[in-house]
Amino acid sequence: MRVVRTIADLRALLRTHREQGQRIGFVPTMGFLHEGHGALIRQSAARCDATVVSIFVNPDQFGPGEDLANYPRDLERDQGLCLETGANVLFIPEVSEIYPTGFQTHVEPGRLAEPLCGQFRPGHFRGVATVVAKLFHIVQPDLAFFGQKDYQQAVVIRRMVRDLNMPVDVVVVPTIREADGLALSSRNAYLKPEERTRALALSLGLLAAKAAFDAGERSTARLLELAQAPLQQVDDLQYLELVDAQTLEAHDGTVDRTVALCVAAYVGTTRLIDNVVLSPSPEGAGLNVSLSPQAS
Ligand code: AMP
């Protein structure tokens, strides 16, 4: 595995892969890697000839007062996980490499960036879309892998790729969870033991709603009630919403299409998000089907 820190070096290295007709897979991350990232890297390694992983804590997607300065880092461990899961190239640029002096051009996502996390993190998805667009231009991957864990992010990126005619296929990988259900997240490292117990409220509620849905429950109100029940454990519930899986518009009444049940909450000072996708038709259950390029 090669570790590369500049855009010029990365381009030179990837040119040789491309000249050999290799299919390039790309997994953008902010580091402090865990098995959720590992699942993305493994999928890329299985489907592509060369896998590039980037580690870049993007200042442009953090708001004032968010955890940019404290974001957990462990490059040595990250390198081990990348190697173990099949990455071929690890790209670790400095902030000045990605945002040199004078930088001023952004990608502005549309309506999809407004609900859910968009209400609480103004400018977040603009920062995400911009850095992902830049990384796509730098890496020029054939396939790019994102986690369902960040559902709105995946939807925003898919839309950007379509709207701006980027020649990359976006693959969304299901959320990897701890044995007890908690979605893996780099931010779980912030949780004190007592908070870790209470953090389970997010997945407990979502998975209870999903179990009810799988058993035939189709009432939005009832599904929200089930997901809400454990959430008195959290310190600040930002949102719990059932939305159309593609438009992210609030859905009510009977669930007659693929929807996403999404939650964001603070446990202590840690902001956690999670979601489940509920699809009345079995073939719509995977995010890749519900968000296929033909879909909208
Ligand atoms: P991050 O480093 O948090 O920016 O995440 C990098 C990528 O890993 C994003 O596409 C995330 O959605 C994905 N990811 C993070 N946590 C998980 C998880 N538990 N399961 C699957 N993918 C994940």
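**Helix α6 and its surroundings**

Analyst: In this predicted model, helix α6 covers residues 124-139, which number 16. Its first and last C-alpha atoms lie 22 Å apart, close to the 22 Å expected at 1.5 Å a residue.

User: How many of the 16 residues of α6 are buried?

Analyst: A residue counts as buried when its relative accessible area is under 20%. Helix α6 is mostly covered by this criterion, and the number of its buried residues is 13.

User: Which residue follows α6, and is Q140 buried, exposed or partly exposed?

Analyst: Helix α6 is followed by Q140, which lies in the loop between α6 and β5 (143-147). Q140 is not a glycine, yet its phi is positive, at about 50°.

User: Where does L116 lie, and is L116 buried or exposed?

Analyst: L116 is found in the loop between α4 (95-98) and α5 (117-120). Although L116 is not a glycine, it has a positive phi of about 50°. Most residues other than glycine have a negative phi. With a relative accessibility of 1%, below the 20% limit, L116 counts as buried.

User: Which element gives the most residues to the largest nonpolar core?

Analyst: The largest nonpolar core has 33 residues, and those with the most contacts inside it include L10, F91 and F136. Elements giving two or more residues to this core include α1 (7-19), β2 (24-29), α6 and α7 (151-163). With 9 residues, the element that gives the most is α6.

User: Which residues does L10 touch, not counting those up to four places away in sequence?

Analyst: L10 is among the residues with the most contacts inside the largest nonpolar core. Once residues up to four places away in sequence are set aside, L10 touches V4, V52, V89, F91, I138 and V139.

User: How many residues are in the second, separate core?

Analyst: This second core is separate and includes L182, A201, L231 and V234. Its number of residues is 25.

User: What separates the C-alpha atoms of L226 and A209?

Analyst: L226 is found in helix α9 (residues 220-228), and at 22% relative accessibility it counts as partly exposed. Leaving aside neighbours within four places in sequence, L226 is in contact with G205, A208, A209 and A212. L226 and A209 are 17 residues apart along the chain, and their C-alpha atoms are separated by 5.5 Å.

Methods:
Residues numbered from 1 in each chain as written. Predicted model: local features only at pLDDT ≥ 70, side-chain atom pairs only at ≥ 80, totals over all residues. Heavy atoms only, no water. Helix = DSSP H or I, 4+ residues; strand = E, 2+ residues; numbered from the N terminus. Expected span 1.5 Å × (residues − 1). Buried < 20%, exposed > 50% of the residue type's maximum accessible area, 1.4 Å probe, protein only. Core = buried A, V, L, I, M, F, W, Y, C linked by side-chain atoms within 4.5 Å. Contact = heavy atoms within 4.5 Å.
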